[in-house]
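Subject: Handover of a structure

Hello,

Here is the structure I said I would pass on. My notes follow below.

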Amino acid sequence: MTKSRASIFGEGEEGLDLSGFAPKAARDIQAPPADAIRAVSEAARFPSREAKTAPVPPPPARREQRRHRTGRNVQFNIRARQETIDTFLAIADREGWVLGEVLEHAVAALERELTGGNGTGRG
């Protein structure tokens, strides 16, 4: 017995019997509790796909804002090692100076060292 396909162009729609296509009746089946499913899957070493909550690290300590009206309005960006920056900031905190003032003192000290303290040039 040969069956023929239904035409997509609408020919023979009257003879097409779709009575066998109906939604299945909903069955009254209860799912097992989530704890039981978790226990069985862990016993079978089946990993969970749920994201594990990682402990949130505390945010890094923020430095206090240093805003002072000093007349210094030119920006000077440099790259330095973290230890150098930490020392620079520690000096500023210890002396109560703003960062521009620390730089001015550092440049003056370097100039004195290079000129031998007499201001006449090197050495």
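Which residues line the second largest pocket? They are Ala-34, Ile-37, Arg-38, Ser-41, Glu-42, Phe-46, Pro-47, Ser-48, Arg-49, Glu-50 and Lys-52. A pocket here is an open set of points on a 1 Å grid over the protein atoms alone, where a 1.4 Å probe fits and protein lies on both sides within 12 Å along at least five of seven lines; lining residues have an atom within 4 Å of a point.

The model is predicted: local features need pLDDT of at least 70 and side-chain atom pairs count only at pLDDT 80 or more, while totals for chains, interfaces and linings use all residues. Residues are numbered from 1 along each chain as its sequence is written, and side-chain values use heavy atoms, with hydrogens and water left out.

Overall layout

The chain has three helices and zero strands, in the order α-α-α along the sequence. Helices (H or I, at least four residues) and strands (E, at least two) are DSSP runs, numbered from the N terminus. Of the 123 residues in the chain, 4% are buried; buried means under 20% relative accessible area, exposed over 50%, and partly exposed in between (1.4 Å probe, protein chains only). Among contacts (heavy atoms within 4.5 Å) with a separation of 6 or more, 39% are between residues 24 or more positions apart.

The expected span is 1.5 Å times one less than the number of residues. Just after helix 2 comes Gly-96, with a positive phi of about 75°. Helix 3, with 17 residues, reaches 24 Å from its first C-alpha to its last, close to the expected 24 Å. Gly-116 follows helix 3, and its phi is also positive, near 80°.

The largest pocket holds about 900 Å³ of space. Of its 24 lining residues, Phe-76, Phe-88, Leu-99, Gly-100 and Leu-103 are the closest to the centre. Helix 2 (82–95) and helix 3 (99–115) are the elements that give two or more residues to this lining, and helix 3 gives the most, with five. By class the lining of the largest pocket has 11 nonpolar, eight polar and five charged residues. The classes are nonpolar (Ala, Val, Leu, Ile, Met, Phe, Trp, Tyr, Cys and Pro), charged (Asp, Glu, Lys and Arg) and polar (the others, Gly among them).

The second largest pocket has a volume of about 260 Å³, and its lining divides into four nonpolar, two polar and five charged residues. Volumes are the space filled by probe spheres set on the grid points, which are joined across faces, edges and corners.

Salt bridges

There are three salt bridges in the structure, each being a side-chain nitrogen of Lys or Arg within 4 Å of a carboxyl oxygen of Asp or Glu.

- Arg-38 and Asp-35 meet at 3.6 Å, N to O. Both lie in helix 1 (residues 34–43), three residues apart, about one turn of the helix. Arg-38 is partly exposed at 40% relative accessibility, and Asp-35 is exposed at 58%.
- Arg-81 and Glu-83 meet at 3.8 Å, N to O. Arg-81 counts as exposed at 61%, as does Glu-83 at 51%.
- Glu-95 pairs with Arg-94, the closest N and O atoms being 3.4 Å apart. Glu-95 is partly exposed at 39%, whereas Arg-94 is exposed at 61%.

Regards
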